Amino acid sequence: MIGMFSWEILESACKTCNRCRLAENRTNVVVGGGNRKAKILLIGEGPGEKEDLSGVPFVGPAGQLLDKMLACIDLSRNDVYIANVVKCRPPGNRDPEPDEKNCCIEYLRYQFALIKPQIIVCLGRIAAQSIIDSKFRITKEHGIWYKKKNCWMIATYHPSALLRDAAKKRTAFEDLKEIKKKIDELGII
Ligand code: URA
């Protein structure tokens with residue numbers, strides 16, 4: 001789909017994309033944000049209302065919690081790159097449909113190829129099922145490391161899920177500690 005290999009071409013392909021119905025109602029395409037040279041790639045589900053309006057990932061309430069989660073393990077947005085499985089907002093924040101995810105995943109693959117992360121953190125089930133395993137069960141398989149294409153991958157709860165159910169925060173904190181351990185082990189920050 002995208003012939004050449006650069007951020008500029010990727011961004012322009014995303015911003016003019018009409019491959020699925022999500023293009024119809026978007027205000028902005030949320031390509032991603034953070035440090036393009038980061039060794040850690042965080043992957044969320046898709047833009048919400050505030051992200052659609054601003055074009056920046058994780059700027060709403062889930063984003064504020066994400067910043068706190070990062071701070072817990074001494075990370076800031078400048079230490080990571082943040083992308084989503086789909087780059088346009090699903091109406092009413094519904095889950096993205098399979099065909100919408102399929103249309104968009106190629107952009108994420110390009111981002112992966114450009115960033116070459118050593119660690120991928122999937123935020124929630126949708127990201128984990130798109131990246132790690134289509135049958136991924138977040139309640140059972142969060143906090144477990146997988147290695148694919150020379151990259152370590154792990155999933156934890158999506159910050160929106162933590163906002164809905166604070167009891168999961170303790171579990172997510174254990175996952176964050178695992179991530180911190182791997183960062184130290186790999187010596188990447
Ligand atoms: N939730 C996501 O999954 N991604 C965002 O960018 C914002 C909220």
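Author: Start at Arg-125, which lies in helix α5 (residues 125–131). Helices (H or I, at least four residues) and strands (E, at least two) are DSSP runs, numbered from the N terminus. The model is predicted, so local features need pLDDT of at least 70 and side-chain atom pairs count only at pLDDT 80 or more, while totals for chains, interfaces and linings use all residues. Residues are numbered from 1 along each chain as its sequence is written, and side-chain values use heavy atoms, with hydrogens and water left out.

Arg-125 has 37% relative accessibility and counts as partly exposed. The scale is simple: buried is under 20% relative accessible area, exposed is over 50%, and partly exposed is in between (1.4 Å probe, protein chains only). Setting aside residues up to four places away in sequence, Arg-125 touches Asp-95, Phe-136 and Ile-138. Contact here means heavy atoms within 4.5 Å. Glu-11 is 114 residues from Arg-125 along the chain, and their C-alpha atoms are separated by 26 Å.

Next comes strand β4. β4 covers residues 119–123, and five of its five residues are buried, so the rest of the structure largely encloses it. Both faces are covered. On one side sit Ile-119, Val-121 and Leu-123; on the other are Ile-120 and Cys-122.

What pairs with β4? Strand β2 (residues 40–44) does, in the parallel sense, over four bridges. Two strands pair if DSSP finds at least two bridges between them. Ile-43 has Cys-122 of β4 as its bridge partner. Strand β6 (residues 151–156) also pairs with β4 in the parallel sense, here over five bridges. At that pairing, Ile-120 stands opposite Met-153 in β6.

Now widen the view. Six strands make an open sheet with mixed pairing, in the order β1-β3-β2-β4-β6-β5. The edges are β1 (33–34) and β5 (146–148); each has a single partner strand, so one side of each is left without a neighbour in the sheet.

β5 and β6 run antiparallel, joined by three bridges. Lys-148 is bridged to Cys-151 in β6. The loop between β5 and β6 holds Asn-150. Asn-150 is exposed, at a relative accessible area of 65%. Its phi is near 65 degrees, a positive value in a residue other than glycine. Most residues other than glycine have a negative phi.

Go the other way, to β3. Strand β3 (residues 80–84) has five of five residues buried, so it is largely enclosed by the rest of the structure. Val-80, Ile-82 and Asn-84 point one way, while Tyr-81 and Ala-83 point the other way. β3 runs parallel to β2, with five bridges joining them. Ile-43 stands opposite Ala-83 in this pairing. On the β1 side, the pairing with β3 is antiparallel and has two bridges. Gly-33 has Ile-82 of β3 as its bridge partner.

At 44% relative accessibility, Asn-93 counts as partly exposed.

Now the helices. Helix α1 (residues 7–15) packs with helix α4 (residues 98–115) at about 165 degrees, with axes 11 Å apart. Axes are lines fitted to C-alpha atoms, for helices over the stretch in contact, and angles run from 0 to 180 degrees between N-to-C directions. The two helices are therefore roughly antiparallel. The cut-offs are under 35 degrees for roughly parallel, over 145 for roughly antiparallel, 65 to 115 for roughly perpendicular, and oblique for the rest. From α1, Trp-7, Leu-10, Ala-13 and Cys-14 make the contact; from α4, Tyr-107, Tyr-110, Gln-111, Leu-114 and Ile-115 do.

Helix α8 (residues 169–186) lies across β2, β4 and β6, and runs at about 165 degrees to β6. Cys-72, in helix α3 (residues 61–72), is in contact with Phe-173 and Leu-176, leaving aside neighbours within four places in sequence. The C-alpha atoms of Cys-72 and Lys-177 are separated by 8.6 Å, at 105 residues apart along the chain. Cys-72 counts as partly exposed, at 44% relative accessibility.
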